[in-house]
Amino acid sequence: MKNNLMKKLMPYTFIFPALLLLILFSIIPIIISLVISFTNLDITGLGNWGAVKFIGLSNFINLFHDSLFLQAVGNTLFYVVIGVPAVIALSLAIAIMINFGQNRFFKLMRLVFYTPSITNTVAVAVVWTFMYNPSTGLINNILNQIGLGSVGWLTDQNVAKIALIILAVWKAIGLNMLIFLAALQGIPKDFYEAAELDGASWWQQTIHITIPSLKFSIFFVSVTTLIGWFQFFDEPFVMTKGGPLGSTNSVALFVYQNGFQQSNFGYAASASFVMFAAIILATLIQFKLQNKQQNG
Amino acid sequence: MSNSLLKSQQNSRFIVSVILAVFGFIMILPFLWMFLSSFKTNAEIVQNTRSFFPKQWTLENYRNLFHSGFTLYLRNTLIITFFSFVGMLFNAMAGYGFAKFKFKGRGVLFIMVLATMMIPGQVTMIPVYLILNQMHLTNTLTGIILPGLVGAFSIFLFRQFISNISDSILEAARLDGASEWYMFWHIILPISKPVLAVQGILTFIGGWNAFLWPLILANDEKYYTLSVGLQLLQGQHTTDYGIQMAGSSFMVIPIIIIFVIFQKYILQGFNIQGDK
């Protein structure tokens with residue numbers, strides 16, 4: 001009898017540690033987050049729970065009157081609209097080019113393009129901050145040498161967003177390129193042989209065979225990339241702190257600033273939920289479009 | 001294949017190679033610049049000599065780096081990395097549990113695990129801080145380690161791999177009287193070597209790069225990791241790019257070396273289309 005009970009409990013002992021940690025640090029937090037987004041929890045509330053009050057939708061209403069939040073939303077949309085297509089187009093193009101050959105050169109290139117993905121964001125952001133330096137940085141040096149003027153990469157409000165996008169795209173290419181490459185290698189060779197017999201050019205083959213065969217990978221990469229850009233945080237945090245004048249601030253950074261620098265936990269939680277809702281909505285739209293394409 | 005077609009294919013391959021080489025050079029240029037600048041004197045950097053290579057090689061930056069507390073940050077980072085391997089073991093155990101046992105609630109629990117992948121870090125950031133605060137774990141290494149210890153994606157990958165291990169091996173061992181734990185250590189883990197390799201490397205990289213939780217939870221320099229220390233260094237030595245580049249090199253170069261050694265395991269692990 002005792003043996004039987006042990007047998008029944010055995011599977012749970014294997015999943016228990018992982019499950020406990022996930023429940024404690026993912027499931028419960030999301031519930032707490034939802035609850036405190038309707039409260040005025042701040043640093044005083046942390047010491048004295050009696051001071052915490054439910055304030056209904058006030059946080060959410062205030063958010064949409066907060067010019068800093070609206071600016072962060074605008075910036076985040078800019079990151080998404082420019083960043084997502086750039087990542088998909090570049091990683092796809094590089095994957096197709098690397099798939100051209102199998103020799104050591106192409107293997108080396110696979111390694112070269114993947115390397116930025118594994119390196120530490122803080123270290124890389126420090127390096128790029130130096131490269132973007134207006135007077136001693138590498139990029140302006142090169143621009144000056146070919147006769148172009150200096151650019152205030154991180155100091156000009158209009159350029160700073162682009163500067164961060166360049167870095168983030170550089171870092172994102174590798175992983176997505178590998179996903180495309182794995183998919184490219186799965187396309188049957190006879191598709192191309194048949195097209196060759198019909199006299200299709202390389203370009204026609206790419207448009208009519210390669211891209212359609214990669215539909216699922218493109219969908220997967222666009223969903224994950226979109227989610228990633230919605231949560232854009234590390235680069236603006238290390239390089240610009242959201243400046244100059246809030247021009248690079250993202251919603252994720254807004255949550256961090258309000259939560260951990262100003263200790264407005266309730267307000268920050270409500271901003272994070274707005275972000276979560278936007279991610280879910282955008283993902284649902286992508287799934288809808290994908291289904292439509294498949295059925296149509 | 002006709003001769004002219006072969007020739008045109010060779011030509012286009014050559015053009016593609018050139019484009020890749022140029023673009024590839026731009027991709028690694030930041031790393032070259034970082035590494036070479038870390039050996040320049042700060043005077044040379046400020047004077048803006050515009051030379052790519054150091055005029056006068058120096059190890060001064062690295063010496064300063066270790067005088068500014070990097071040894072301590074390295075120790076903390078290695079401790080965190082070590083414990084993230086314990087986390088990987090938990091993931092493997094959960095993967096085995098979900099793959100090879102039938103039990104009440106398996107489906108629901110597994111979906112719950114997968115659902116946690118969708119939750120953005122920023123949504124749970126504040127509540128996790130509040131929970132750790134209630135547990136009196138802020139400003140401790142335990143607090144820094146716990147939130148990132150297990151990951152749903154890793155559990156998912158272990159489960160996928162382990163469900164492909166044939167049941168007959170396990171049945172045979174069971175008939176011989178092996179316990180479930182014995183089978184996990186002596187059969188499941190050795191067979192799972194390929195997935196352990198990928199997960200091991202990713203775990204190492206994750207631990208080495210740990211940034212957000214140490215940043216939020218450590219009020220005290222005593223618990224800073226390399227990433228947090230580097231970020232602090234950037235704030236303190238705003239114009240001393242030499243030491244910043246030395247710190248960045250110290251973080252980036254070991255990862256690149258490890259990656260180059262184990263690349264064949266990682267590069268295989270990304271097939272999302274095709275086999276289950």
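A crossing of two helices is called right-handed if the near helix is turned clockwise from the far one by less than a right angle, and left-handed if anticlockwise. Keep that at hand for the exercises below, which work through a predicted model.

**Exercise 1. Work out how helix 4 and helix 11 of chain A are arranged relative to each other.**

Start with the axes. Helix 4 covers residues 67–98 of chain A and helix 11 covers residues 215–230 of chain A; their axes come within 9 Å and cross at roughly 150 degrees. Now bring in the cut-off: angles over 145 degrees count as roughly antiparallel. Helix 4 and helix 11 of chain A are therefore roughly antiparallel to each other. As for the hand, helix 4 of chain A passes helix 11 of chain A in a right-handed crossing.

Next, look at who does the touching. Helix 4 of chain A brings Thr76(A), Tyr79(A), Val80(A), Gly83(A), Val84(A), Val87(A) and Ile88(A). Facing them from helix 11 of chain A are Ile218(A), Val221(A), Ser222(A), Thr225(A), Leu226(A), Trp229(A) and Phe230(A). Sorted by class, the contact of these two helices has 10 nonpolar and 4 polar residues, and no charged ones.

**Exercise 2. Describe the side of chain B that touches chain A.**

Count first: 73 residues of chain B are in contact with 68 residues of chain A. Then ask where the chain B residues come from. The elements giving two or more residues include helix 1 (3–37), helix 4 (70–100), helix 6 (121–134) and helix 14 (241–268) of chain B. Finally, sort by class: this side of chain B has 50 nonpolar, 20 polar and 3 charged residues.

**Exercise 3. Take one helix pair across the two chains, helix 6 of chain A and helix 13 of chain B, and find its direction, hand and contacts.**

The axis of helix 6 (residues 121–131) of chain A comes within 9 Å of the axis of helix 13 of chain B, and the two cross at roughly 25 degrees. That makes the pair roughly parallel, because angles under 35 degrees count that way. The crossing of helix 6 of chain A past helix 13 of chain B is left-handed.

The contact uses Val122(A), Ala123(A) and Val126(A) from helix 6 of chain A, plus Ser227(B), Leu230(B), Gln231(B) and Gln234(B) from helix 13 of chain B. By class that gives 4 nonpolar, 3 polar and no charged residues.

**Exercise 4. Find the largest nonpolar core and follow one of its residues.**

This core has 134 residues, and those with the most contacts inside it are Ala18(A), Val127(A), Met177(A), Ala271(A) and Ala94(B). Helix 8 (residues 157–184) of chain A gives the most to the core, with 16 residues.

Now follow Ala18(A). Leaving aside neighbours within four places in sequence, Ala18(A) is in contact with Phe90(B), Asn91(B), Met93(B), Ala94(B), Val150(B) and Ile155(B).

Terms used
Residues are numbered from 1 along each chain as its sequence is written. Chains are lettered from A and ligands numbered from 1 in the order in which they are written. This is a predicted model: local features need pLDDT of at least 70, side-chain atom pairs count only at pLDDT 80 or more; totals for chains, interfaces and linings use all residues. Two residues are in contact if their C-beta atoms, placed from the backbone, lie within 7 Å. Helices (H or I, at least four residues) and strands (E, at least two) are DSSP runs, numbered from the N terminus. Ala, Val, Leu, Ile, Met, Phe, Trp, Tyr, Cys and Pro count as nonpolar, Asp, Glu, Lys and Arg as charged, and the others, Gly among them, as polar. Axes are lines fitted to C-alpha atoms, for helices over the stretch in contact, and angles run from 0 to 180 degrees between N-to-C directions. Angles under 35 degrees count as roughly parallel, over 145 as roughly antiparallel, 65 to 115 as roughly perpendicular and the rest as oblique. A nonpolar core is a set of buried Ala, Val, Leu, Ile, Met, Phe, Trp, Tyr and Cys residues joined through C-beta atoms within 7 Å. A residue is buried if 20 or more other C-beta atoms lie within 10 Å of its own, exposed if 12 or fewer, and partly exposed in between; C-beta atoms are placed from the backbone.
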